[in-house]
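Me: I would like to learn how to read the folds of a model, feature by feature. Can we go through one together?

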Amino acid sequence: MALTRVLITVKTYPSLSTKYEELVCTAGFLEDGSWIRIYPIQFRQRPYAQQYKKYQWIEIDLVKNEKDFRPQSFRPVSHETEIKLLSELPADGDAWHERRKVVLGKVYQNLSQLIAESKEKSICTSLAVFKPTVVKDFVVEEVEREWSKEKLASLQQLNLFSSAIEGKTEVVRKLPYKFSYRFEDNGGKSSTLIIEDWEIGALYWNLVAQFEGDENKAVAGVKAKYFDDFAKTKDLHLFLGTTFEFHLKNAPNPFVIIGTFHPKSITQTKLF
């Protein structure tokens with residue numbers, strides 16, 4: 001059995017699917033520097049010893065996901081396929097340098113070029129590192145606060161909400177807000193893309209707990225981190241990925257933000 005070695009850089013916030021249960025989209029880099037998407041994975045139902053972190057190397061038995069036309073899309077051989085956790089690239093010391101070497105091999109700065117590549121069948125780019133020229137705003141919008149009753153009823157019948165960590169049945173909490181970046185690329189094109197990273201959801205819920213349920217303070221805290229810190233003081237890059245539905249339907253822009261890469265700026269690194 002030939003295992004695939006992947007450096008995990010993306011974990012999206014868990015979503016519910018009546019077909020595939022509660023799932024996390026995972027993506028990262030192969031040893032040759034190319035992107036790979038691993039989907040579906042029932043992350044929270046995995047034993048703790050298989051719950052990988054971002055910037056951790058893993059080994060897993062993968063096959064091409066034949067239900068997904070995107071060339072970067074693979075899936076575990078089965079839901080029971082073991083994930084072997086390997087070394088991590090932490091964020092302290094020289095680790096950002098090590099992360100940069102992996103992540104910044106190919107960086108897009110023009111969104112129109114990236115979208116064109118996604119629509120070109122011979123290329124079909126569906127994962128990319130993107131460097132915005134300027135981040136203009138951090139947008140917060142209220143959305144439905146609960147999962148649909150129909151979807152919950154369908155999934156609960158199959159007992160699909162078991163959390164391996166907590167040892168009890170529960171559904172992942174739905175985020176009541178949608179967070180997005182509004183930015184310009186190097187051609188002056190302005191875009192607003194939703195952020196679907198696990199970390200932004202976790203940050204929101206941690207702040208809600210910290211501020212004793214005050215959502216306004218929690219939202220302000222998320223904006224302070226993602227806009228005032230990441231966008232204004234760090235060397236912010238965005239991990240972009242296409243959604244299967246909008247890529248298949250040839251949408252004008254099939255990409256969403258599936259993660260952020262925010263080391264200190266080169267100037268900061270040299271100074272400190």
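Reply: Start with pairing: two strands pair if DSSP finds at least two bridges between them. Helices (H or I, at least four residues) and strands (E, at least two) are DSSP runs, numbered from the N terminus. This is a predicted model, where local features need pLDDT of at least 70, side-chain atom pairs count only at pLDDT 80 or more, and totals for chains, interfaces and linings use all residues. Residues are numbered from 1 along each chain as its sequence is written, and side-chain values use heavy atoms, with hydrogens and water left out.

Me: In what order do the strands of the sheet with β11, β14 and β15 lie?

Reply: Strands of a sheet pair through backbone hydrogen bonds, either parallel or antiparallel. Here 3 strands make an open sheet, ordered β11-β14-β15, with antiparallel pairing. β11 (134-142) and β15 (190-194) are the edges; each has a single partner strand, so one side of each lacks a neighbour in the sheet. From one strand to the next, the twist averages 25°. Strand β14 (residues 177-184) pairs with β15 over 5 bridges, in the antiparallel sense. Ser 180 has Ile 194 in β15 as its bridge partner.

Me: Which strands stand at the edges of the sheet with β9 and β17?

Reply: That open sheet has 4 strands in the order β9-β10-β16-β17, and its pairing is mixed. β9 (107-108) and β17 (255-261) are at the edges, each with a single partner strand, so one side of each is without a neighbour in the sheet. Strand β10 (residues 127-130) and strand β16 (residues 237-242) are joined by 4 bridges in the antiparallel sense. Val 129 is bridged to Phe 239 in β16.

Me: Is the pairing of β4 and β7 parallel or antiparallel?

Reply: β4 pairs with strand β7 (residues 73-76) in the parallel sense, over 2 bridges. Ile 38 is opposite Phe 74 of β7. Strand β6 (residues 62-64) runs antiparallel to β7, with 3 bridges between them. Lys 64 has Phe 74 in β7 as its bridge partner.

Me: At what angle do α4 and α5 pack?

Reply: First, the convention. Axes are lines fitted to C-alpha atoms, for helices over the stretch in contact, and angles run from 0 to 180 degrees between N-to-C directions. Helix α4 (residues 198-210) packs on helix α5 (residues 215-233) at about 140°, with axes 8 Å apart. The two helices are therefore oblique to each other (angles under 35 degrees count as roughly parallel, over 145 as roughly antiparallel, 65 to 115 as roughly perpendicular and the rest as oblique).

Me: Which residues of α4 meet α5?

Reply: Contact means heavy atoms within 4.5 Å. From α4 come Glu 199, Ile 200, Leu 203, Tyr 204, Leu 207 and Val 208; among their partners in α5 are Ala 218, Val 222 and Tyr 226. α5 also lies across β11 and β14, at about 165° to β11.

Me: Where do the backbone exceptions sit?

Reply: Most residues other than glycine have a negative phi, and most peptide bonds are trans. Tyr 39 and Pro 40 are joined by a cis peptide bond, with omega about 5°. Pro 40 is part of strand β4 (residues 35-41). Tyr 55, a residue other than glycine, has a positive phi near 65°. Tyr 55 is in the loop between β4 and β5 (56-60).

Me: Over which residues does pLDDT stay under 50?

Reply: pLDDT is the predictor's confidence in each residue, from 0 to 100. The chain's mean is 88, with 86% of residues at 70 or more. The stretch under 50 is residues 157-169, for which the model has 29 contacts beyond four places in sequence.
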